[in-house]
Amino acid sequence: MGRRTGNGTRALLTLALAAAVTGCTAGQDAADPADAASRRPHGKGSSGGFVVQYRTGGKAASATAYLRTRRILDKAAERLNDTVQVPHRIPFVVRSCGAAEPAYDPETGTIDFCAEHVDEIRDRFAHAGQGAGRQGDPDAGDAHVAAVLEETAYHESAHALIDRLGLRFTGREEDVADQLAAVLLIGQGRAGETKALAAATDYALAAKETPFDATDLLDEHSLDGQRAANYACYVYGAQPARHEDLVGAGGRVTEDRAEACPDEWEQARSGWQQLLAGHLKRNASRRR
Ligand SMILES: [Zn+2]
């Protein structure tokens, strides 16, 4: 269920619904009592919802500091809790996972958010440099890393929701999880579209780093290059007039596929809206 990429080390909802997670090895560190506030689910009188637990020290120290300073997971959990009502407590546990990937563990009902994944994304964008920015923006790197980690959080949340809420659908769960991440990001408007494109960039970089082989064709995940194209297609499909540069030669979506992207986006958006029917917070269905 992890957000796996070709090199095998990376595993990966404010639904703008009206308009718009396999376990890691145990960390060696104790939970930080200072995180009590962040572990509380959003909203009064609720014992369920997404919460964040940081493990400090050791190999997780740098990643924990990065995530905590930017409140990446805390804000993602707030967005999820503002959107969907989950009777279960679903913790994001930030810790060192060794060789494992970020993943939802149905045995424990937790999402392991691996320090190694954070480090990998940071390294990838650092090496990519300005070229990763859409316009060569030198400040784009850190924002892109944060965006990809937010996407990871939503992707793994999808696995948790599918398991905890007993959601049923056809097609591959990994693709459906990416679709939820796209819906939650793009539903944030222009800023979210930029975040979704950062996720597309990350998958494209991963595809370039490690070309797929025969084993990848057997994997439960779509190929990195396909996942990159899917995210770009959803962004274009949501706002075609705003993202014409994504299409055609030098773009991220072929002209043939671009014609279908508005429908692909609508399928993803309305599909998740239907899946979560009965679990949405009342304000979420009215939010743009
Ligand atoms: Zn997954």
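Biologist: Which residues form a nonpolar patch on the surface?
Modeller: This is a predicted model. In it, F212, L217 and L218 make up a nonpolar surface patch. Together they have about 380 Å² of accessible area.

Biologist: Where is L218 found?
Modeller: L218 lies in the loop between α8 (214-217) and α9 (224-238).

Biologist: Does L218 count as buried or exposed, and why?
Modeller: L218 counts as exposed because its relative accessibility is 74%, and the cut-off for exposed is over 50%.

Biologist: Which way do the residues of β4 point?
Modeller: T110, D112 and C114 point one way, while I111 and F113 point the other way. In a regular strand, side chains alternate between the two faces of the sheet. In β4, the residues pointing either way are all buried.

Biologist: What joins β4 to strand β2, and do they run parallel or antiparallel?
Modeller: Strand β2 (residues 89-95) and β4 run parallel and are joined by 4 bridges. Within this pairing, V93 stands opposite D112 of β4.

Biologist: And in which sense does β3 pair with β4?
Modeller: Strand β3 (residues 103-105) pairs with β4 in the antiparallel sense, over 3 bridges. Here D105 is opposite T110 in β4.

Biologist: How many residues are between the strands in the hairpin of β3 and β4?
Modeller: There are 4 residues between the strands, and G109 in this hairpin takes a positive phi near 70°.

Conventions: Residues are numbered from 1 along each chain as its sequence is written. This is a predicted model: local features need pLDDT of at least 70, side-chain atom pairs count only at pLDDT 80 or more; totals for chains, interfaces and linings use all residues. Side-chain values use heavy atoms; hydrogens and water are left out. Patches are made of residues with over 30% relative accessible area and no salt bridge: like charges are joined within 9 Å, nonpolar side chains (Val, Leu, Ile, Met, Phe, Trp, Tyr) within 5 Å. Accessible areas come from the Shrake-Rupley method with a 1.4 Å probe; for residues, only the protein chains shown count as cover. A salt bridge is a side-chain nitrogen of Lys or Arg within 4 Å of a carboxyl oxygen of Asp or Glu. Helices (H or I, at least four residues) and strands (E, at least two) are DSSP runs, numbered from the N terminus. Buried means under 20% relative accessible area, exposed over 50%, partly exposed in between (1.4 Å probe, protein chains only). Two strands pair if DSSP finds at least two bridges between them.
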